[in-house]
Amino acid sequence: MPCSVVVGAQWGDEGKGKIVDTLAERADLVARYQGGNNAGHTLVLGEETYKLRLVPSGILYPGTICVLGSGCVIDPEVLIEELDGLIERGIDVSGLRISGNAHLIMPWHRIIDSDSELMLGRLQIGTTRRGIGPAYADKAARVGIRVQDLLDEKILRAKIQTALSVKNVLLRKIYHQRPLDKDVLTEATLHYAERVRPFVADTSLLVNRALDERRMVLCEGAQGTLLDLDHGTYPFVTSSNPVAGGACVGLGFGPTRIDSVVGVTKAYLTRVGAGPFPSEADEERGSQMREQGGEYGTVTGRDRRCGWLDLVGLRFAARVNGLTELAMTKLDVLSIFESIPVCTGYRLPDGSVTEDFPGHQSDFHHAQPVSQELEGWNVDISGVRDIAQLPAAARAYLAFVEQQVGVPVAIVGIGQRRDQIITLRDVMAAA
């Protein structure tokens, strides 16, 4: 049962796309299990850069089956635009398969998402305003429109008409927006249906058959552990479950089929949008990290808040995901610093210090970092291809993380390109 899950071990933007891309070369099937086009993967192949929002990273490998599972929410307009962009660049997208049970992001979801965020004022959550949250809300309320509804015009028309009978009242009376025309919207959605139809499949059956045949299955999540709806820093979270267990729910297979779970972490920490950030750096060094690491959102272009590696959060990610390995990206970014603080604990409002992630939001919101200063290496490591060639201080940094978290570092990223990866342990050999 060769199945590996790649999860974000921080607040997303850890470089999961690059790690999945590295592992996908050996995978027969790459499956995304949650999220929508609120997350992006940037991949650099030679001189070519690809920015993917929905399609799994494995699409760049000819012959690889790429799955969007039932746990995803899909904006058909964005999906078609992304597919067309890949086709124009000579990428074969025929291996894409989309779960008929995945839910659609409709125009009213985008409007409600954007206007709801504006109405919150200073209490804004920091959503990407792509309609993700409202789409998941309709899914939970059992009034969502699914991908399979695109295949039956009668059902699609009825569902859109039923939805708009309620949504248009909200748009007009609550959000002061013009109502949507059901006929115009239905025709536009039917147009998308013709493009999406060839890709629709029973993806749970597809994934399970691949596992039965002992083919290599690689599962990828969007966002990160601390943005998980149930286990993250609520309410500053996403609307689905990026943790490893979400792979089972979002793809439709049992937890006993997972062989390895790779947690992706940057060598430092970033966060997009609002919410507490105990290890956030001061403005000067945070700006240095942002510029050196190109910390701007793939989808939104927003500045990412930058800070030091938070081992309290990383231990928590190891616990809730059952991490078997760590992949640390962007170690090269820290090369600009003479010394590097690492957050090893939190000082809570009552004065106590904990190495465990607080179970109560008030404790986390007011936590102060307890840090240990590690020696920097202050030399360019982007050309290193073997762990032994790294400066002693860089190797000590990796060893410190392993010792503190209790999970081995198996992959180290020292640049954007495919070849700027140091592999210390074959994470798919355990699979």
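Seven aromatic pairs turn up in a search of the whole structure, where rings of Phe, Tyr and Trp (its six-membered ring) pair if their centres lie within 6.5 Å, and planes under 30 degrees apart count as stacked, over 60 as edge-to-face and the rest as tilted. The model is predicted: local features need pLDDT of at least 70, side-chain atom pairs count only at pLDDT 80 or more, and totals for chains, interfaces and linings use all residues. Residues are numbered from 1 along each chain as its sequence is written, and side-chain values use heavy atoms, with hydrogens and water left out.

**Aromatic cluster**

- F316 and F357 make a stacked pair, with 4.8 Å centre to centre and 25° between the planes.
- This pair links distant parts of the chain, 41 residues apart: F316 belongs to helix α10 (residues 311–321), and F357 to the loop between β16 (353–354) and α11 (361–365). Helices (H or I, at least four residues) and strands (E, at least two) are DSSP runs, numbered from the N terminus.
- F316 is buried at a relative accessible area of 9%, and F357 is buried at 12%; buried means under 20% relative accessible area, exposed over 50%, partly exposed in between (1.4 Å probe, protein chains only).
- Y346 and F364 make a tilted pair, 6.0 Å centre to centre and 50° between the planes.
- Y346 is in strand β15 (residues 339–347) and F364 in helix α11, so this pair ties together parts 18 residues apart in sequence.
- Y346 is buried at 0% relative accessibility, and F364 is buried at 3%.
- One aromatic cluster is formed by F316, Y346, F357 and F364.

- An open sheet of three strands has the order β16-β15-β17, with antiparallel pairing; two strands pair if DSSP finds at least two bridges between them.
- The edges are β16 and β17 (368–375), each with a single partner strand, so one side of each has no neighbour in the sheet.
- Two bridges join β15 and β16 in the antiparallel sense, and R347 has V353 in β16 as its bridge partner.
- Helix α12 (residues 392–405) lies across β15 and β17 and runs at about 15° to β15. Axes are lines fitted to C-alpha atoms, for helices over the stretch in contact (heavy atoms within 4.5 Å), and angles run from 0 to 180 degrees between N-to-C directions.

**Other features**

- Helix α1 (residues 16–24) has eight of its nine residues buried, so it is largely enclosed by the rest of the structure. Among the buried residues of α1 are K16, K18 and D21.
- The charged end of R89 sits over the ring of Y50, 4.0 Å from its centre; the criterion is NZ of Lys or CZ of Arg within 6 Å of the ring centre and within 35 degrees of the ring normal.
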